[in-house]
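Let's take a walk through this structure together, stopping at a few residues along the way. Keep the viewer open so that you can follow each stop.

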Amino acid sequence: MAFRTRITEMLEIEHPIVQGGMQSVGYAELAAAVSNAGGLGILTALTQPTPVALSAEIERCRAMTDKPFGVNMTVFPTINAPDYRAYAQAIIDGGVKIVETAGTQAVREIWEMLKPHGVTILHKCTAVRHALSAERAGCDIISIDGFECAGHPGEDDIPGLILIPTAADKVKIPMLASGGFGDGRGLVAALALGAEGINMGTRFCATVEAPIHNNVKQAYIDNDERGSFLIFRNFKNTARVGKSPVSEEVVRRLSQPDAQFGDVQNLVAGAAGRELLRTGDLSKGVFWAGMVQGLIHDIPTCQQLIDRIIAEADTIVDQRLASLRG
């Protein structure tokens, strides 16, 4: 049976499962596969080299699915900032109605461009205070990211078991739970904690349609729940990456007194990460990975994964939980 929540209604999707935007992974193949399976697939705008290329990718995705899909826009401080407004305009011109955002408060300038065009804003936060601020600013959906997540978990180190219900107590708009989700147990837990769906990143990387090398997908299987490192804590820009010889070296270098970003720049460069995902050579750079690796044991299609999650969730609700009641 399907789970109906404000998330499924607002996004017009069958299942309350969203594929988070991921740099160098969020291409049409993956987004369309997730949407076709009943979830919400998301393209990653800045994976595309130009706004024109993003427009083409939106059209390519639309040719692969007639279901809703979204686009991720992440705004972070950078030396050579992309033309965010031009990317946002490509989203508007492409008729996309769902946008996932993340990053600094500067992202609200993008909201101001998108909202008049009927775009639903799904904003990723790592703290309750940030979620409430985004809600006040007009965001439509919050994705609350626990400490377990890949990418940037923030600096508060609050795991989902506490962060999700704490946010649910205060946030009034629909909320997705993110960080550590990969099966039906997680979906039921998220719903019980007050969320109305889940946002998965790492788990969707280990699927047939994820446009990354099989060596990387196998690394997600080989790693367990301990198979990630937190890096950049020195710079208050914490990031969680998969365990590998390269990430171990990054941790070693950053543990030295007076460590600087330049000491690891060649190892963590975006170009190095893209080369790793393309070639499967794990010596090329680092790759994003969450603690959910401990729950990844196979590489299914997106359809198989989502079907399995929903079937597991159904069984838990209808059988296991029901049997515990006296």
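Which residues form a nonpolar patch on the surface? They are Ile 158, Leu 161 and Ile 162, which together have about 290 Å² of accessible area. Before going further, please note that this is a predicted model, in which local features need pLDDT of at least 70 and side-chain atom pairs count only at pLDDT 80 or more, while totals for chains, interfaces and linings use all residues. Residues are numbered from 1 along each chain as its sequence is written, and side-chain values use heavy atoms, with hydrogens and water left out.

Back to the patch. Nonpolar side chains (Val, Leu, Ile, Met, Phe, Trp, Tyr) are joined within 5 Å, and like charges within 9 Å. Accessible areas come from the Shrake-Rupley method with a 1.4 Å probe, and for residues only the protein chains shown count as cover. Leu 161 lies in helix H7 (residues 160–170); helices (H or I, at least four residues) and strands (E, at least two) are DSSP runs numbered from the N terminus. With a relative accessible area of 62%, Leu 161 is exposed, where exposed means over 50%, buried under 20% and partly exposed in between.

Now find Thr 74 in strand E3 (residues 69–75). Its relative accessibility is 19%, so Thr 74 counts as buried. The side chains of Thr 74 and Asn 72 are joined by a polar contact of 3.0 Å (N or O atoms within 3.5 Å, one able to donate a hydrogen and the other to accept it; residues adjacent in sequence count only if both atoms are side-chain atoms). Beyond neighbours within four places in sequence, Thr 74 is in contact (heavy atoms within 4.5 Å) with Leu 46, Tyr 84 and Ala 102.

Another stop is Gly 242, in strand E10. Gly 242 counts as buried because its relative accessibility is 0%. Gly 242 and Phe 229 are 13 residues apart in sequence, yet 6.4 Å apart in space, C-alpha to C-alpha.

Finally, look at Phe 232, Phe 235 and Phe 261, which form one aromatic cluster.

Definitions and conventions: Buried < 20%, exposed > 50% of the residue type's maximum accessible area, 1.4 Å probe, protein only. Patch = residues over 30% accessible without salt bridge, like charges linked within 9 Å, V, L, I, M, F, W, Y side chains within 5 Å. Salt bridge = Lys/Arg side-chain N within 4 Å of Asp/Glu carboxyl O. Phe/Tyr/Trp six-rings, centres within 6.5 Å; stacked < 30°, edge-to-face > 60°.
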